[in-house]
Structure formats: structure tokens, C-alpha cells
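Hello,

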Amino acid sequence: MLLIILLGLLYRGSQTPGQRWRLPNPVVGIAPAQPGYLLQVDSHIRDTARPTDPYPYPIPLGQPGPLQPLYSGGLTYPFYCDFSQQQLPPPLVDNQLGHGIEVIIDGRKAGYSKDCLHPAGLHYFFIAADGRISRYQQQQLTPGSLLVRLELGTINRFFYYLLMPVKPAETDDRNSASLWNKKLIYQFHGGVGIGYRQGYLRPERLIKERLPQLRQGFALATASINKTSYGYNFLLAEDTASRVKRQFISLYGQPRYTMGIGGSGGGIAQYLLLQNSRDLLDGSIALYAYPDMLSQTLYALDCDLLHNYYHFNASDSERWQDIKQRQLLEGLSVSASESLKYRQQVALAQLSAGHWPALPAGATQCHNAWLGLSSLIHNPHQGKLKRLTTDALLADVNWSYWGNMAQIYGRDAQGFGYSLWDNTGVQYGLAALKAGQLSIEDFIAVNGAIGSWRPQFQMQPEQISYLPFIDVPLWRSAFGRQNITDSKEAWPARRFRANRQAIARAYRYGQLFLGMTEKPVIDLRHYLDPKLDMHHLEPSLAARLRLLHRNGHSDNQLIWVSHPNHSPLPRAITLMDQWLTDNNKPLQAVDQCFAEDGSVLASGQGVWLPTGHCATAYPPLGNSRLQAGAPDHGLMFSCALISVADAIDRGDYQPVDIEPYRQKLQSLFPDGVCDYQQPDQALPAELAFGRPVSVAAFKQ
């Protein structure tokens, strides 16, 4: 591997990736944006009426569904068509102007497609008794086998999927559903994406992951936008999911209930849609969930700032290769037994910058789980490595999550989507300082040099070379360091203040979870903190705190955590089915934690208190913002500032004697430090939490 590093230094390779980093059928021309209706929200989207859908459902077979979203804004471009990945013929031609992808039919170019529309069609799948899945070819059904109808088409440009268990005699009748138990599961999926593409789902995977429920007579619905690999615009996701459900109802009738199931980003979607929409979901099973995407970006985007400090800016870099020292700042899990991912890439970046490589023994979640997120969602010149457009068009697109969300959050004076990440006044490592684990000298050094992300318009592309012959990318700009403010330019290194109006719009448009729901949700996950997996436990508790602050209780949320070798998901589905069928919370609906053999370690009230049995067996950890003193619920984007003098006089640093460093701290934070006794200054006043959280309330 050292040879590869040396080769990378001696031969920088090509700046252009080979075919493996390009998706087929790229966008060759970018159409002008088409305006559309964006729901006007005064207070919160939950309390805003949605417009009546004028589309005359059901979508006829052989025709695409509605193109223009109902209330989530206009059509933006580029929009990559995933027909090849979906194993379908090319989309319908919609222009001859060179916009979108080329549509090739019988070897000839028929035109272009910018909106990727497909006619609705029916497909049938045969599931053998042993679970093998194949296309239905008049196979004889035997005991234990199953036949599933899939309706596949497009709504709001995204693929939609309706799955229904049927009898062989029902293959000629689109509306037949004699095996349906009148219950609907809406399936969500995770992943990290920034939009700009249609997305796709494998029907075989959909069937496999919900096969037990299909055998029980459940129907299944979803859309490609409901997989967060293809975007985190939850207004568009709701708009589309609501139309998918209308299509389902037009064919089969009103379900008794709609249960959401899905993990990671699919868990986020459920928390937000339970809050934002009153009639889309009746209850949910949120797997490996966060309460929302945005509040996790605060600490996730801190990670690469910290990595940059450890490897390039710290005067005692060797000290910060101790993973326990890193945890004082990061809060997330560390492990001496796990290997550091991308070791060679980090070493190459250090050598390229003139630093002899220094790497930790073991690894951290901040590194193994969150490394590179700054490039994917935050850098407008990067996005994913695999390219959706021809190379000539790359510079014309704002390839970031913020750019994709500009219809909601707005744009800055340079035309870039507003970033909501902010670290003005954040005192990294404050909790460790107060606990006597971090010296005041180290505290000052970290906060003086850590800096922030540069404004979007100042960001530069990542520096990536591709080794010849093997087409392996070498990231010479590890941690996005070319986009981080530097203490060598000015001390302290500049911090970033986000636009508060943009953050307020995120709150109002339901992109942040405020606990505004009384509907049942089972928050279920494996305990993955020791494995340095990004799906750590703390977000489950953050979601609970928001429910408690908002409603004064969290009776509608259960937290279930299990050893990684056991899945309590079947139990959760059975319990949620009972909860929704009876419209009453079952007695056995309580917090629980599970051992490797599936036995219950503890259950009931108080198990997730700091000294509770579940919290002891599966301890939740923190993150960089909690280590800086932010509130446990995680909703703190733009903090109020208090002068260093007032913070000292108030006792914010006790028991540390900070007085000898007063002047130094004032130079470090001339505008003040975060005052976490005040709410997020970007949170609209009418949406502020109104209830204090007590230990007694948390027991519920």
C-alpha cells in the first residue's frame, strides 16, 4: 500500500474518472427550471391546508402519472433518469431541444427526456415456498408460495410502486385484491443523497424485505423519492407519497390504517411525515432513526473540521492520535479494536501537504462513519463521485444538499443555496474542560484553530486523482481541508454564521422534528455504537426529548434497542398492528432492550434514564455539540451569544478557574459564546418549546 501512496505522489494520475465512476445515459443538456406552487406556510406546515389534488385518479395503464408536484415547488434540473437501473425501457420523449438524456429506440435517437416519465404498467412476481423470487410465468402455486402484483409508473417524475398479494385468477383484473387484509404498509428506505435524480428500487428487494407481511395479506406502497439516497426534500417526499396513497385508494379502497416502516433516512422520513401530515401515516416503525437530517449535520460536519485540526493544525498532533482524547471533543464512540477507514488516503493527504503521516491506533465513529460527508452534502462542486451529467455540465450545477433545497431555504447573493450549518460561539470540548479532562490551554488551542466551513461561494472542488489502469480515486484534499478557514489566515480562525431566515423556513416547512405528533412510533435499532456505525443510539433519546418538550409526555414513542445479532422487528410489527387495529395503546407497548438471544433485558418505565437498566446495558453517547454544552434535544442551529465576561460571571466554566484566561477567551470569542439557556435564535417564537422536561416525564 505504501507503493500506491508513493505512486500517487510521483504520478498524480488523471483528473477525470473512468467509466466506473459514470452512470449510464447521462444528462446531456439542462432544461430551464419550471415554476410550480410552493405551499405558503405562516406558522408550521402541520397547520397548513394542502391544496386539493386535481388529478383524476386512478392513473390509466399505459400513461404516466402527474408530472408537476402539487405543493412542493417547481421542477428543477438536471434530473437524471434511472430507467436502466430500474430495468425498464427508455422514458417517454418530452422534447427535441437537447434537454435531459438522449432517448435511444431501436438504435436511433428518438429525442430527449428531461422528466423521465414512464407509463403505468403491471408486473407479476412468483415467490416460491422457500422464498425464491422470480417473474411470474404461469407457475403453479403450491402451499407456501405467493403471487404478487406490482404496479409501477411515475408520479411527480419519481417511480411509484404498489404491491398486492393476489390469486392467479386475478392477473387480468387490475383492481382485484381478494387476499388483501385491508392494511397498508408504506415502505421507506435510507441512504445519503442530494437529489437531482429519479432513483429506483428493486422489486425483488421490496418483496423480500416485507415478504412475511405480504404473506399475511398486507399491501405495500412506496416511491423512489421515499428512499433518501435520492434526496432529503421531505416536502417533495410527502407530496409524492400522498399521491401514491391516492393512487392506491383509487384502485383498492381506503385501508384500515397505513403503517410506515423503514430505516436510517427512512426513519427520519417517518418522524417528519408523522409530524407534518395528519393523514398520510397512522403509525410508524422507525429503524436506526434520527429525528431529522438537519440536526445531525451540525455534529457530522464538525467531524471533518476536527480531523483537519488533529492532522494539520494541532501543535501536538501526536496527542490527538489518541482516540480517547478525540472522544473528549467528538462525544461519539471510539474503538481500539476497529480499523481506521481510508488510512492510506489520509496518509497520502498528509504527505501531499508536507506532513509526515500520523494515524491513530484504533478508530472513531467521527472518522469511520462521517468522513467525507462534507464533500457529499456540503460542497457545491462535489456531490457523489458517480456523475449524473456529461463532464461539460458539471460546473453548471450546485451539487449540494443546500442547492437542491434552495426552493425552501432560499439562495445567497451569489446564487448558492443557503447552508444551515453554523458554529459561531460554539465552545468545542467545553464539557471535557469542566470535567477536568481537557486543559484550558488545549481548550483555547482547539477553539482558536478549528475554524469553520467557508461560505458556499468560496468553496473549491475536491482534489481527486485517479490512478491509471485501475481507476482508483486518490483524495488529496482529505477532510475537505481546502474549504476550511485557517488560523494561519487570522487568529482565531473564522467561524460561520448561517442565515437565520433560512433556518426558520426549515422549521416552518417541517424539515426539522419538533415533536408535533401524538401518533404511535416504535423507534427500534441495534446497538451499533461499539461498531462505530453512524446509526448511534443518542438520536432516539433526542427525539424523545422533543416529544416531551412539545407534548409533556412521550407515551406515543417506544424505544427498543437490541444486540446486533437479534432483530425484534417481527415483534414490533405485530405490536404496531395491534396498536393501530384497536386504536388503543396495548399494555405491552413499553420501552425495551433485548439480549443477543432475543430475551428481554429490561422493559417498562425508566429503563432509558441515565441509571436505567437499558441505558446501562446499551449506553448512549454524545456528539460534538453536546460536548460543547448544547441542549440534549439537539435543536440549536443559531445560538444566542453571551459575552465571555458575562459567562464567566454567571459561573458557566465552574469548577474551572477561568479568570486568568479571561482576556484570552475574549480575544478568542470577541462576539461572545453560545448561551444555551436561550432557545435557538432562528426558531420562530410561536414554535418554541413550552414545557419543561422533568425526570418523571422521561419515565413515561
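First, the basis. This is a predicted model, in which local features need pLDDT of at least 70 and side-chain atom pairs count only at pLDDT 80 or more, while totals for chains, interfaces and linings use all residues. Residues are numbered from 1 along each chain as its sequence is written, and side-chain values use heavy atoms, with hydrogens and water left out.

Helix α16 covers residues 538–551. Helices are DSSP runs of H or I, at least four residues, numbered from the N terminus. From first C-alpha to last, α16 reaches 20 Å, close to the 20 Å expected (1.5 Å times one less than the number of residues). Of its 14 residues, 14 are buried (under 20% relative accessible area; exposed is over 50%, partly exposed in between; 1.4 Å probe, protein chains only).

Arg544 of α16 pairs with Asp591, from the loop between α17 and β19, so parts 47 residues apart in sequence are tied together. Their closest N and O atoms are 2.6 Å apart. Arg544 is buried at 0% relative accessibility. Asp591 is buried too, at 6%.

The structure holds 28 salt bridges (a side-chain nitrogen of Lys or Arg within 4 Å of a carboxyl oxygen of Asp or Glu). Another of them joins Asp442 and Arg319 at 2.5 Å, N to O. Asp442 is buried at 18%; Arg319 is partly exposed at 22%.

Best wishes

Key: Helix = DSSP H or I, 4+ residues; strand = E, 2+ residues; numbered from the N terminus.
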